[in-house]
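Subject: Handover of a protein structure

Dear colleague,

Please find below the structure that I am handing over to you. My findings follow it, and I would ask you to read them with the model open.

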Amino acid sequence: MRQYVHYFRWYFIVVGMLAAVYGGILLMHGSSDAGERTNAECLTEERVFDYGEVLSEKEEDKLRELIAKRERQTGCDIVLVTLDESLEEYAREREGNVPYKEFVRVFAEEFYDGNKFGYDGPAGDGVLLVDNWYREADGNVYTWLCAAGKADRKYDLALMNHLLDNVYRSVEHNPYHAYRTYINEVYHDMTGSGANRAYIAGMGIIPFAAALAAMLIFAAVHWKSGKGKRTVNAGTYVDGGQPRMNRREDILVNKVVTKRKIQTTAGSGGNGGRSSAGSHSHGGHHGGAGHHR
C-alpha cells in the first residue's frame, strides 16, 4: 500500500492543491465586506417600516440586526415596508391611469427617493421591498421589489422573480421568515454566495472531480495490468545449464494522432436589454418587479 501511495503522490498533491484553491474561493465569497456607508443625507436610520403590523417588536429588532449585517456585506441599503391599505388614490394622483399591479411600484420608488436611501448616496445603491397586505379592488394583494444603483444593474427580471418567489413561499403563514428570506436573498445575489454559491461550487468542483477521476482510472488500469499471468520461472533464462537471454524489441507499427478542436459558443458582448415583462424602470435609476397573491 505504501508503494502505491508513493507512486501516486503527485496525483494526490494536484488534487490537494485544487481542493485548497476551491476552498479559498468559497471562503472569499463568504467573508465579503463592502466598507463604510458614505450616504450622509439619508433622512432616517430605520430600515423596517411595519405599517401593516404583521411583525412583533422582537421580530422587527431581529430583522434590523440582520439588515445592518447584510448592508455592510453588500454595500446596499436594504429596506422593508409592510402596508395594509389601498394605494389606488395615492398612485393615481401621481401617475394617472397606472394599473393596479403598479400601485406599490409608485409608492416604493417615492418612498426610496423621498427618504434618500442609498448606501453610497441619495437614491444610490440599495433595494426596497413593499409588501401591501390590502386586497385592492381588482381582488389581488400586491408586492413590489425596487432596486437602485448597483442593485439595479445586478438584478434582471429573472433574478427578481426568483427572490420574490422565495419570499411568497412563506409570507402568508410566516411573514418574519419571508422577510428574512428577502434580506438573505439580496445578500446571496449581490455577493455571489449562498444560493449562487451552489452554482459556483458546482462549477468549481469540476476540475477537482476530473483530476480525481483521472487518478482513479490510471490507478485501476495499472493495478489490473500488474496482476497479469506469471510467465517467468526459475528455468526461463537457462538453456542446458547456460544462461539464455531472449532478445526483445518493441516495434512501432503505426501511430495515429488525432487532434480535435473543441467548439465553443461565444456570447454577445454587454449586458443586453432587460426584459420589460413584469418589470419597470422609472426616473433613470430604478428597476423593479412585482408579484401578487
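Alanine 123 is partly exposed, because its relative accessible area is 25% and values between 20% and 50% fall in that class. This residue belongs to the loop that runs between helix H5 (103–114) and strand S3 (126–132). Although alanine 123 is not a glycine, its phi is positive, at about 60°. Please bear in mind throughout that the model is a predicted one.

Lysine 116 is also placed in the loop between H5 and S3. Its relative accessible area is 32%, so lysine 116 is partly exposed. Which residues does lysine 116 contact, leaving aside its neighbours within four places in sequence? They are Asn39, Glu41, Cys42, Pro122 and Ala123. Cysteine 42 is 74 residues away from lysine 116 along the chain, yet the C-alpha atoms of the two are separated by 4.7 Å.

A second residue with a positive phi is glutamate 53, where the angle is about 55° although the residue is not a glycine. Glutamate 53 sits in the loop between strand S1 (48–50) and H3. With a relative accessible area of 68%, glutamate 53 is exposed, since the class begins over 50%.

The protein as a whole

The secondary structure of the protein comprises 9 helices and 7 strands. The protein has 293 residues, of which 37% count as buried.

Two pairs of helices

How do helix H3 (residues 57–74) and helix H8 (residues 175–191) pack against each other? The angle between them is about 5°, and their axes are 10 Å apart. H3 and H8 are therefore roughly parallel to each other, as angles under 35 degrees are classed in that way. On the H3 side, the residues that meet H8 include Leu63, Leu66, Ile67 and Arg70. On the H8 side, those that meet H3 include Tyr179, Ile183, Tyr187 and Met190. By class, the residues of this contact are 9 nonpolar, 4 polar and 4 charged.

Helix H4 (residues 88–95) and H5 form another packed pair, with an angle of about 75° and axes 9 Å apart. H4 and H5 are therefore roughly perpendicular to each other, because that class covers angles from 65 to 115 degrees. Here Glu88, Tyr90, Ala91, Arg92, Arg94 and Glu95 of H4 meet Phe103, Arg105, Val106, Phe107 and Glu110 of H5. This contact has 5 nonpolar and 6 charged residues, and no polar ones.

The loop between H4 and H5 contains glutamate 102. Is glutamate 102 buried or exposed? Its relative accessibility is 12%, so glutamate 102 counts as buried. Tryptophan 144 lies 42 residues from glutamate 102 along the chain, and their C-alpha atoms are separated by 7.9 Å.

Glutamine 73 counts as buried, because its relative accessibility is 16%. From glutamine 73 to aspartate 33 the separation is 40 residues in sequence and 4.3 Å in space, C-alpha to C-alpha.

Glycine 75 is located in the loop between H3 and strand S2 (77–83). At 3% relative accessibility, glycine 75 is likewise classed as buried. What does glycine 75 contact, if its neighbours within four places in sequence are left aside? The contacts are Ala34, Tyr119, Asp125 and Lys150. Glycine 75 and tyrosine 187 stand 112 residues apart in sequence, with a C-alpha to C-alpha distance of 9.6 Å.

The largest pocket

The largest pocket holds about 240 Å³ of space. It is lined by 14 residues, and those closest to its centre are Arg37, Arg47, Ala68, Glu71 and Tyr119. Tyr119 is also one of the contacts of glycine 75. How many residues of the lining are nonpolar, polar and charged? The lining divides into 4 nonpolar, 2 polar and 8 charged residues.

Yours sincerely,

A colleague

Definitions and conventions: Residues numbered from 1 in each chain as written. Predicted model: local features only at pLDDT ≥ 70, side-chain atom pairs only at ≥ 80, totals over all residues. Heavy atoms only, no water. Axes fitted to C-alpha atoms, helices over the stretch in contact; angles between N-to-C directions. Helix = DSSP H or I, 4+ residues; strand = E, 2+ residues; numbered from the N terminus. Parallel < 35°, antiparallel > 145°, perpendicular 65-115°, else oblique. Contact = heavy atoms within 4.5 Å. Nonpolar A, V, L, I, M, F, W, Y, C, P; charged D, E, K, R; others polar. 1 Å grid on protein atoms, 1.4 Å probe; cavity = no way out; pocket = protein on both sides within 12 Å on 5 of 7 lines; lining within 4 Å. Points joined across faces, edges and corners; volume = space filled by probe spheres on them. Buried < 20%, exposed > 50% of the residue type's maximum accessible area, 1.4 Å probe, protein only.
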